[in-house]
Amino acid sequence: MKKLLSPWLALLTLALVVSIRVSDPTFVESVRLRYFDTLISSKPVVESENIAVVNIDDSTIESIGQFPWPRDQYANLIQNLYSREAGLVVFNVFMPDQDRFNKDKNFAEFISTVPVVLPQVAVNEPVKQNTKPFNPGVAVIGDAKDFTVDFDEIQPNTKVINESTQSAGIVNTFPEVDGVVRRVPTLVSSRGELYPAISIETLRVISGDPSFQVKVNDLGVEAVRIPKFGKIATDPLSRIWIDWSHRPKQYSAASLPESFGGKVVIVGLTARGLTNPVSTAIGEHYPHNLQSSVLDTLITQTNISRPDWADGFELLTIIVVSLLSIFLTKWKYGFIPVLSFIGGSYYGSLYLFEEFGYLVDISAFIVSLFLVYAHSYTVKFITELNAKLQIKKQFGTYLSPALVEKLQKNPELLRLGGESRQLSIMFTDVRGFTTISEHYGENVQGLTQIMNRYMTAMTASIIKNNGTLDKYIGDAQMAFWNAPLDDPNHAKSAVKTALEMMEKLDAFNEEISQEGVPAFGMGLGINTGTVVVGNMGSDQRFDYTCLGDHVNLASRLEGQSKPYGVKIILGPQTAEQVKDEYDVVELDCIAVKGKTEGVKIYTLGKEELQDNFLFLYYGGNWKQAIKIAELAIKKGTCLEKYYKSMIDRLKEGCPKDWDGTFRATSK
């Protein structure tokens, strides 16, 4: 289970994400392309300074008549555009069939005298044609066959038009994996020849060059060049990304402006039922509008590219930052740098696009970072939750709720496995238990209930004062202070608890006396010293407890409370640590059973004659000590039982080997 809850299992998630990114399935590519749409469309939209669009729309059809028109009408429209200062007309109306009005010759004669760029289409099906498609000619450095989209045929316009035109270009669109057009090839091939896209062909005509050039390296097409215009950088498949920020002004063919100001005018169909729009990164657009964006991208020399190093850079970033995120889960506020990485990746990619035109993907990076961090954080959360539940299970019954909550918030405060620290240990025991047991006789349930009531009342004081209830031992209790959480005043806390327990015992006895139950007596022993505390036991069961000589001494002190006639006996370190707040009285120097070294023991209270008594007692002058004890009893003292007990001992006479230490013979 611990292995399953290792945060390093997030490495499996990272490996999975990296493998998916390397294999680059369709859905990953689709998400990446949509992010590129976001970058490209982030550029502010401006009106094109180079291109205008004339639409053969519904209003045009209404004014001129049913489409298709006689082709001399096309010539009239083109002539009208030139008369309004069009720099070049791109007439995006494909004419593969003969004119039903037999006006092909008229149109052909017209376009032989003026520059007009016509469309032609690449197809993968047989084409009946008596003429070779228009091709301005191309000079190729290298072999471009393997790096261009290849088609079976190029479908030109009708023979008479095709042989008369001065220019024609391919108008095919090439959607991405998700059906959206974002980039277009500048070249296609068919039967071993290269044909330019209509945008490249238009640019060639504008420049006045008779042909264009293509440079190919080992990786693919490097660039397309029109000598008088310059080099056009492409990807290895001769594609360019479309910049959608330049939008041409739109006109209806039925309502033309007085002047186009020398702009390239692209004519296309928008009337209902004549053509279908194309899905693009900014929505559906008619084909001639797509061509206008491509042409404007070329004219403005907008270089949008996916750099060769992008894939490697993205993978390296995914791995490095995801690994870092695993370490960050150890920090409470690790999500802050993770969010910073996400925000920084967006603004970084935006900067690279705006400054250099680079398309760098962050979608896989964000998904990887989120999944790896979420995996690692979830493991951390479950681990901490289990730790908190374990703490509550382990300590909930013998620590105060406040202490349990502190441990849950900061489990590091709990150092399991055993450690040495100074504790104040308390043992309690019931006095008069035999009388109480005889009162209930064979009523075991009644005895159990009264003992539970007694233990509940006494335990409440321990928990209230942030003590740790170690265990119940029959009718006895063991508790300690200063573990698992620090309590710098642990000795005072233990003594305070003892006094409160005595008060509660009086109230408890008053309550049960009304029920006819004999009164409970109680003896307490408290000792302070360094012991080993932690989880003790076996793999199957363990308890949080403490071990050491000072624990044993605390138990022995409780056992001596009865023969010394007091309710509470304190060890020497306990007395030393509480004497500034509580009155303590030295009782004796005793070597408890099993020990040879004596320790001084104390109780709570005040007695003026005790110093004189102890001086005589330790010095072996027991006869005079008896007189002091009798005097104290006569004057009235809280230690009356103690003095009577000591008088009985002293009357036996001082041993010859007396060294000031009483050696107990019973626990």
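A pocket here is an open set of points on a 1 Å grid over the protein atoms alone, with protein on both sides within 12 Å along at least five of seven lines, whereas a cavity is a set where a 1.4 Å probe fits but cannot get out; lining residues have an atom within 4 Å of a point. Grid points are joined across faces, edges and corners, and a volume is the space filled by probe spheres set on the points.

This is a predicted model, in which local features need pLDDT of at least 70 and side-chain atom pairs count only at pLDDT 80 or more, while totals for chains, interfaces and linings use all residues. Residues are numbered from 1 along each chain as its sequence is written, and side-chain values use heavy atoms, with hydrogens and water left out.

**Pocket and cavities**

Let's start with the open space. The largest pocket holds about 790 Å³. Its lining counts 32 residues, and D235, P236, R306, P307 and D308 lie nearest the centre. Two or more lining residues come from each of α1 (10-23), α2 (26-40), β12 (220-226), β13 (230-233) and β14 (239-241); helices (H or I, at least four residues) and strands (E, at least two) are DSSP runs, numbered from the N terminus.

The whole structure has two cavities of 30 Å³ or more. In the largest cavity, 14 residues form the lining, with I170, N172, V184, A197 and I198 closest to the centre. Helix α8 (287-299) is among the elements that supply at least two of its lining residues, together with β8 (183-185) and α7 (198-207); α8 gives the most, three residues. The second largest cavity is lined by V90, I198, S199, T202, I266, Q291 and L295, and here α7 has the largest share, with three residues.

The table sets the linings side by side, by residue class (Ala, Val, Leu, Ile, Met, Phe, Trp, Tyr, Cys and Pro are nonpolar, Asp, Glu, Lys and Arg charged, the others, Gly among them, polar).

| Space | Volume | Lining classes |
|---|---|---|
| Largest pocket | about 790 Å³ | 15 nonpolar, five polar, 12 charged |
| Largest cavity | about 130 Å³ | 10 nonpolar, four polar, no charged |
| Second largest cavity | about 40 Å³ | four nonpolar, three polar, no charged |

**A nonpolar patch**

Helix α9 (residues 310-328) brings the largest share, six residues.

**Salt bridges**

Side chains of opposite charge can pair when their charged atoms come close. With a salt bridge taken as a side-chain nitrogen of Lys or Arg within 4 Å of a carboxyl oxygen of Asp or Glu, the count is 36. In one of them, the closest N and O atoms of E47 and K263 are 3.9 Å apart. E47 sits in strand β1 (residues 46-56) and K263 in the loop between β15 (246-252) and β16 (264-269), so this pair ties together parts that are 216 residues apart in sequence.

Burial is judged by relative accessible area (buried under 20%, exposed over 50%, partly exposed in between; 1.4 Å probe, protein chains only). E47 is partly exposed at 48%, while K263 is buried at 18%. E419 and R421 also form a salt bridge, with closest N and O atoms 3.6 Å apart; E419 is buried at 16%, and R421 is buried at 9%.
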